[in-house]
Amino acid sequence: MLPEQQELITEPSSPNTKPVLAILTIDDDVQLFRGNRSNFADLIRTGKSHNFLVYVLTVKHLNFKRKMLEGFTYDEDNDLWIRQQFPFPDLIYNRIPLREDEMQPRTRQKIAACMRSPRVQLFNPKFFNKWSLFKWLRQSKMTRPYTPMTRRLLTQESLKVMMREFPYLYLKPISGKAGHGIMTIKVQSEKSLPYLLKVQADKKSVTYNCATLQQLWQRIKKESGGERYIAQQGIRLAAFNDRRFDLRALVQKNKSGQWDLSGLGARVAGSLSITTHVPRGGSIEDPQKLLVSAFGQDEARRLLGKTRSAALMIAKQIERGSGHKLAEMSMDLGVDRTGGIWFFEANAKPMKFDEPEIRKTSLDRIFQYGKYLLRSKK
Ligand SMILES: Nc1ncnc2c1ncn2[C@@H]1O[C@H](COP(=O)(O)OP(=O)(O)O)[C@@H](O)[C@H]1O
Ligand SMILES: [Mg+2]
C-alpha cells in the first residue's frame with residue numbers, strides 16, 4: 001500500500017478541522033439558557049468569519065466524558081435558537097451572567113475542571129469584586145497612584161475615621177453592578193446637619209441630611225440591606241456642561257497574546273444621578289471631545305495617552321493579582337478636575353459597548369486571541 005493511501009484510510013470520515021469555541025452560560029428551565037442572546041448571536045456570527053465553530057453551552061451540558069455535547073446555535077433567518085450536538089470545545093468563553101450562578105457548587109466544580117483539563121482552555125474564570133481589585137492594585141507601585149483610598153465599611157468608628165480623612169466618600173457594594181446600591185457622603189462640618197447622604201435610586205438620587213454620626217450610620221445600615229460594602233475616597237470628576245463624566249476602557253488580549261486597548265468610551269452622568277450609567281440617565285460621548293472641552297487640546301492628548309497606558313498597567317496587575325490567566329476586562333476610570341486619572345472598577349464580563357468601532361474590535365479580538373491560545377497550547 002502507498003503511504004498516501006494509508007493516510008487517507010486513517011482520516012476520520014468527516015473531520016472537523018475548525019477550532020471550536022463554546023460560550024459557557026447557565027441553563028434555564030424556561031428560556032433554555034441565560035445571558036445576553038444578541039451578544040451570543042454576534043459571537044456566533046463573528047466566529048464564522050474567523051473560521052471557528054461557535055455554540056452556546058450550558059454548565060449542565062458540559063461533560064468531560066463526552067466527545068460531543070449538546071449546545072445551541074442561532075438560526076439567523078428564522079431568529080431561532082436550535083439545539084444540536086457539537087464537538088467538545090477547544091476554547092470555553094465564560095459568559096455566565098450572574099455571580100449567584102457562578103457561585104453554585106456545580107458551576108464552580110466544572111470551571112475548576114476546565115482549568116485542570118489539558119483538552120480545553122477557559123477564558124475569564126470568574127467575576128471580580130471591588131475589594132479584591134483594590135487590594136491587588138495597591139500591591140504595585142505602578143498602579144497604586146490610580147486607586148482611590150478604599151476600606152471595608154464595617155463599623156461606625158471606621159466610617160468616622162475615613163470621613164475625617166476624606167470628607168467626600170463613595171459607598172459601594174463589593175459585588176455591585178450598574179450603580180445598584182451606590183451612596184455618597186459629603187461632610188459639611190459647619191452646618192447644623194453636617195452629613196449629606198445621597199442614595200442612588202433608579203435615575204435620580206435621594207438625599208438625607210443627618211445631624212449625627214449615629215443617624216448617618218443607621219440610615220446607611222438600612223439602605224445597604226445587609227450587603228458587604230466598601231467606602232472609597234470620592235473623586236471630583238471633570239465635567240461637561242456641568243455634568244460629570246467618566247471613561248470606559250475595554251482591554252483585551254490581542255492576536256499576540258498581549259494586553260491591548262480595544263477602545264475607550266465615555267459616559268456623561270444624568271443631571272440627578274451620582275453615577276454615569278446609561279440606564280440611570282447617563283449618555284454616551286466621545287472621550288476626546290469631553291477632554292478637549294474640559295482641559296484643552298494639548299492636555300487632552302496627554303490625558304488620552306496616560307489613560308491608555310494606565311489601563312494596560314492596571315489590566316496586567318489585575319491579572320497578576322487574580323492568579324488566573326485573563327483575556328479581557330472593561331474598566332471604569334475617572335478624570336478629576338486637575339487631570340488626575342483614577343480607577344473605579346473593572347468588570348470581568350464586559351457588557352456590549354455601543355460604540356460600533358469598539359464593538360467590532362471586541363468581537364474580533366475574542367477569536368484572534370483564541371487562535372493565539374490554540375497555537376501556544378496549554
Ligand atoms: N470613588 C469615586 N469617586 C467618584 N465617582 C465614583 C467613585 N466610585 C464610583 N464613582 C462613579 O460611580 C460610577 C459607578 O461606580 P462603579 O464602581 O463603576 O460601580 P458599578 O459596579 O455599580 O458600576 C462610576 O462609573 C463613577 O462615575
Ligand atoms: Mg461600573
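**Exercise 1: Polar contacts of the ligand**

In this predicted model, identify side chains that place a polar atom close enough to ligand 1 for a polar contact, given a cut-off of 3.5 Å between N or O atoms.

Solution. Begin with tyrosine 170, whose side chain has a polar atom 3.5 Å from a nitrogen atom of ligand 1. Next, take lysine 130: a polar atom of its side chain is 2.6 Å from an oxygen atom of the ligand. Finally, a side-chain N or O atom of glutamate 345 lies 2.8 Å from an oxygen atom of ligand 1. As for the cover, the protein hides 99% of the 540 Å² of accessible area that ligand 1 has on its own.

**Exercise 2: The shell and its origin**

Determine which classes of residue form the shell around ligand 1, and which domains supply it.

Solution. First, sort the shell by class: six residues are nonpolar, eight are polar and seven are charged. Second, assign the domains: domain 2 (130-146 + 236-376) and domain 3 (150-233) each contribute at least three residues. Third, consider the strands: β10 (168-173), β14 (229-233), β16 (243-253) and β20 (341-347) each provide at least two shell residues. Last, locate the ligand: the space that ligand 1 takes is the largest cavity.

How values were computed: Residues are numbered from 1 along each chain as its sequence is written. Chains are lettered from A and ligands numbered from 1 in the order in which they are written. This is a predicted model: local features need pLDDT of at least 70, side-chain atom pairs count only at pLDDT 80 or more; totals for chains, interfaces and linings use all residues. Side-chain values use heavy atoms; hydrogens and water are left out. A polar contact is a pair of N or O atoms within 3.5 Å; within protein, one must be able to donate a hydrogen and the other to accept it, and residues adjacent in sequence count only if both atoms are side-chain atoms. Accessible areas come from the Shrake-Rupley method with a 1.4 Å probe; for residues, only the protein chains shown count as cover. On a 1 Å grid over the protein atoms alone, a cavity is a set of points where a 1.4 Å probe fits but cannot get out, and a pocket is an open set with protein on both sides within 12 Å along at least five of seven lines; lining residues have an atom within 4 Å of a point. A molecule sits in a cavity or pocket if more than half of its atoms lie within 2 Å of its grid points. Helices (H or I, at least four residues) and strands (E, at least two) are DSSP runs, numbered from the N terminus. Ala, Val, Leu, Ile, Met, Phe, Trp, Tyr, Cys and Pro count as nonpolar, Asp, Glu, Lys and Arg as charged, and the others, Gly among them, as polar. Domain bounds come from an automatic or database domain assignment.
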